[in-house]
Amino acid sequence: MGRAVTVATCALNQWALDFEGNLERIVRSIDIARSKGARYRLGPELEICGYGCSDHYYESDTLLHSFQVLEKLLESPATQDIICDVGMPVLHRNVRYNCRVIFLNKKILLIRPKISLANAGNYRELRWFTPWSKARHVEEYFLPRIIQEVTGQETVPFGDAVLVTKDTCLGAEICEELWAPNSPHIEMGLDGVEIFTNSSGSHHVLRKAHTRVDLVNSATAKNGGIYILANQKGCDGDRLYYDGCAMISVNGETVAQGSQFSLDDVEVLVATLDLEDVRSYRAEISSRNLAASKVNPYPRVKVDFALSCPDDVAVPTCMPIQWRHHSPEEEISLGPACWLWDYLRRSKQAGFLLPLSGGIDSSATACIVYSMCHQVCLAVKNGNADVLADARRIVNDETYIPEDPREFCKRVFTTCYMASENSSQDTCNRAKLLAEQIGSYHINLNIDVAVKAVVGIFSVVTGRTPRFSVHGGSSRESLALQNVQARIRMVLAYLFAQLTLWARGMPGGLLVLGSANVDESLRGYLTKYDCSSADINPIGGISKTDLKNFIQYCIENFQLTALRSIMSAPPTAELEPLVDGQVAQTDEADMGMTYAELSVYGKLRKIAKAGPYSMFCKLINMWKEICTPREVASKVKHFFRMYSVNRHKMTTLTPSYHAENYSPDDNRFDLRPFLYNTSWSWQFRCIDKQVNAL
C-alpha cells in the first residue's frame, strides 16, 4: 500500500568553517541513515558551514566553500536513493539567505530559504541574512557552474514550496519558524503536508529542553502529522553549547528521542511511521478540515520517489515513548562538561589549569572537569573511536586508553591553591582533599612574596605604604591591597598553565579555567583581571543557587565527600586579614546583598526587562511579607548602583558557557552601556515618590 515511511534525523557536532570535518560528519550521518533503511535524511541548520560563522557569512569564501561541499555531497555514492536535506547559506539575486538544499540522486529538488529569522538573545541572523518574505512563491535559481556540471540542471526552484513524493507530502521549517506565532506548519498542514521537517541551531539553556519538546509535540497535536527535528550539538566555536535532542513526533506524541548531551559527533535517529495514522487522526477533526478546504495552496515540487515500499503491511512502526528530561543538576554536570571537551580537543591543548580556592565556585568548576573525564571514559567504553583518538592526542600517548576518570583527570587537569597570609588552613585543606578525590595534579603555592614585591614597588615610588582597614587604612587602601592579591593569582595562573607541563617533562600547554558565577558577574563582585580572567569559564552562566544544588548532586553521584565541608562554609574571597586565625570576610556581607536576591534582580533586569522603577514596583509585591517598601527601595537602589559602577568589568568577561537567560555577558547576549550615570537620579526619584505615597 505504501503507508510505512522510514525517515532519519540527526544531531551533528559541526564546527564553524570546518568544511572538511563538517562534510565527513554529514556523509557519515547519511551512511547510517541509509544502512537503517531511511529514505529521507534531515540535518541541522547551516550544517555545511557550521551555524556559528557570524561575520564570516559576509565573505564570498563561505558561500564558495559551501557549494564545494554540496558538490561533494551530490557526487557521493552515500547520497544515492535517499532524499537529503542539508543546510547552507545561498546568495540569490545578491541577497543572502539561510537555506535548506534538498536533493535526490544528483538532482536538486528545492532550495527553501528561511522565512522567520532568529534575532533575539544570542541570535543575530538579521545581521547576515534576509528573511524570505514571499509566501507560497517560487523563483528560478541559477546554479553555480560547479553544481550544474554535477546535476545537469541550469536552474532549480527557490522559495516557499513543498515536496510531493509518490506516497506523501513534505514541508520544511527552519529552527525559529517553529517558535514563531504563525509557524508555517499550520498552513502547510491544512494544505495536506503530512511530514514536517525542522533543521535547528538551538542552544542549551538550563530548563529549556521541555519547551522545545512541547512545541514539537503541539505542532502536530492540533493538526496531525509527523514532525522531524534535527539540531546541532556541541561547541561550534563560541559560548554556546548546542544540545542535540533530535526527535520525531507523530500526532502530538514523541516516537524517537535523541540524547541532549553526548560526546558522539554523529547521532542519527531513524523511525518507521504509518501515514495512515496521520490521515485517520485528521479525519475526525472537523474544524481542521473546514479550515483546510479554504487554505491557499502551496507550490508543489513533484518528486518521482517514494519514502515507503509497496508491500509494507507487515513492517513494524514506531510507538510513542515518554520523553526523559534531565534535572538542572544533571544538565550542569553534562552540558558544560561536553562544551569543555570540545574546546579542549579543538584548541589542541593538553589540559586545563584551575585556581582552586576551596570555595563553591572553583569546586563546582573542578567537578565539571571531573564529569568531563567521566564522559570521556564512558564514551571510550562504548566504542567511540573519535573520543579515544582525541584523548590519545591530548595526553600524547598513542597506546593510551582512558578507563578510570580519576587517572584521566590526573593527566589533563591541574589544580592550584594559591595561599596568602589572608588564607585560612580550612580552605587549603578543602582544596587539597577535593583534588585528591577527583585525581587532579595539585599544586600548593604561596603568593605573599609576589604581593609584597608589587606593593614594595609602589612604596618605593610614592613613599607611602597602603594598609588594610583593620590595620588603620582607608577603604581605598584596603581594596587596592585585595586587588593586588587577586591579580597576582591571575598572572601566576597563566605562568603555571604555560610551563607546568614543561617542568614535568611533558609537551603542551594548559587552558586556564575561570570560576566566577553569573550572579557575581552581574553584581560586579570580582576584581578586573583577577582569576575571573581566564581562557574560558564553564560556570559563568550559572547561578550560585544552582551551583550549590550541583555540588550536592556531585556528593551523591560522584561520592566526593570533600564537598560537604565546602558546602557548609560561608563563601569568602579571603583577601582581607584573618581575625584570630579565622576568616572575617564573607561574600554576601561584602556585596550588601544575598546570592538569592541577586538571582531575583538578574531575572527581573534581563528577562522581565525591568529598570530601577519597574523592579521596585514588582518587588514590593514579591517581597511584601519580608520587606517594607522603603527597604525594597533601598535594596533596588543599592543593586543598580553596584551593577552600573561595575558594568565596565563585563567588557573583559571571560568567555563563559551560556546557561541562563539573565546572563550579563557583554559580548553578544546582554548589550548595555558600560559607562553609566550611577546616580540614577530620575529613576530613583520616581521610586522615592512612590515610597512616600505608600
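Q: What makes the 4 strands an open sheet, and in which order do they stand?
A: In this predicted model, the strands are arranged as 19-18-17-20, with parallel pairing. Strand 19 (441-446) and strand 20 (511-512) lie at the edges with a single partner strand each, so one side of each has no neighbour in the sheet.

Q: Why is the chain called as compact as a globular protein of its length?
A: The secondary structure of the chain consists of 24 helices and 20 strands. For 694 residues the globule rule gives 26 Å, and the radius of gyration of the chain is 28 Å, close to that value, so the chain is as compact as a globular protein of that length. Along the principal axes, its C-alpha atoms occupy a box of roughly 90 × 75 × 45 Å.

Q: What share of the residues in the chain is buried?
A: A residue counts as buried when its relative accessible area is under 20%. Of the 694 residues, 59% are buried. The accessible surface of the chain is about 28100 Å², and carbon and sulfur atoms hold 53% of it.

Q: What share of the contacts in the chain with a separation of 6 or more joins residues 24 or more positions apart?
A: Such pairs make up 74% of those contacts, where a contact requires heavy atoms within 4.5 Å.

Q: How many positive and negative side chains does the chain have, and how far apart are the centres of the two sets?
A: There are 73 positive and 78 negative side chains, with 5 Å between the two centres.

Q: What makes strand 10 largely enclosed by the rest of the structure?
A: In strand 10 (residues 195-200), 6 of the 6 residues are buried, so the strand is largely enclosed. Ile195, Thr197 and Ser199 point one way, while Phe196, Asn198 and Ser200 point the other way, and all are buried. In a regular strand, side chains alternate between the two faces of the sheet.

Q: Which strands pair with strand 10, and in what sense?
A: Strand 9 (residues 169-174) pairs with strand 10 in the parallel sense over 5 bridges, and glycine 171 has phenylalanine 196 of strand 10 as its bridge partner. Strand 11 (residues 226-234) also runs parallel to strand 10, joined by 6 bridges; here threonine 197 is opposite isoleucine 228.

Q: Why is strand 4 called mostly covered?
A: Strand 4 (residues 95-104) has 9 of its 10 residues buried, and buried is defined as under 20% relative accessible area.

Q: What joins strand 4 to strand 3 and to strand 5?
A: Strand 3 (residues 83-92) runs antiparallel to strand 4, with 9 bridges between them, and aspartate 85 faces isoleucine 102. Strand 5 (residues 107-113) pairs with strand 4 in the antiparallel sense over 6 bridges, with cysteine 99 opposite proline 113. Both hairpins have 2 residues between the strands: arginine 93 takes a positive phi near 55 degrees in the hairpin of strand 3 and strand 4, and asparagine 105 takes one near 50 degrees in that of strand 4 and strand 5.

Q: How do you know whether cysteine 245 is buried or exposed?
A: A relative accessible area of 2% places cysteine 245 under the 20% limit, so it is buried. Cysteine 245 belongs to the loop between strand 12 (242-243) and strand 13, with a positive phi near 60 degrees.

Notes. Residues are numbered from 1 along each chain as its sequence is written. This is a predicted model: local features need pLDDT of at least 70, side-chain atom pairs count only at pLDDT 80 or more; totals for chains, interfaces and linings use all residues. Side-chain values use heavy atoms; hydrogens and water are left out. The radius of gyration is taken over C-alpha atoms; the globule rule is 2.2 Å times the number of residues to the power 0.38. Buried means under 20% relative accessible area, exposed over 50%, partly exposed in between (1.4 Å probe, protein chains only). Accessible areas come from the Shrake-Rupley method with a 1.4 Å probe; for residues, only the protein chains shown count as cover. Lys and Arg count as positive and Asp and Glu as negative; His and the chain ends are not counted. The place of a charge is taken as NZ of Lys, CZ of Arg, CG of Asp or CD of Glu. Two strands pair if DSSP finds at least two bridges between them.
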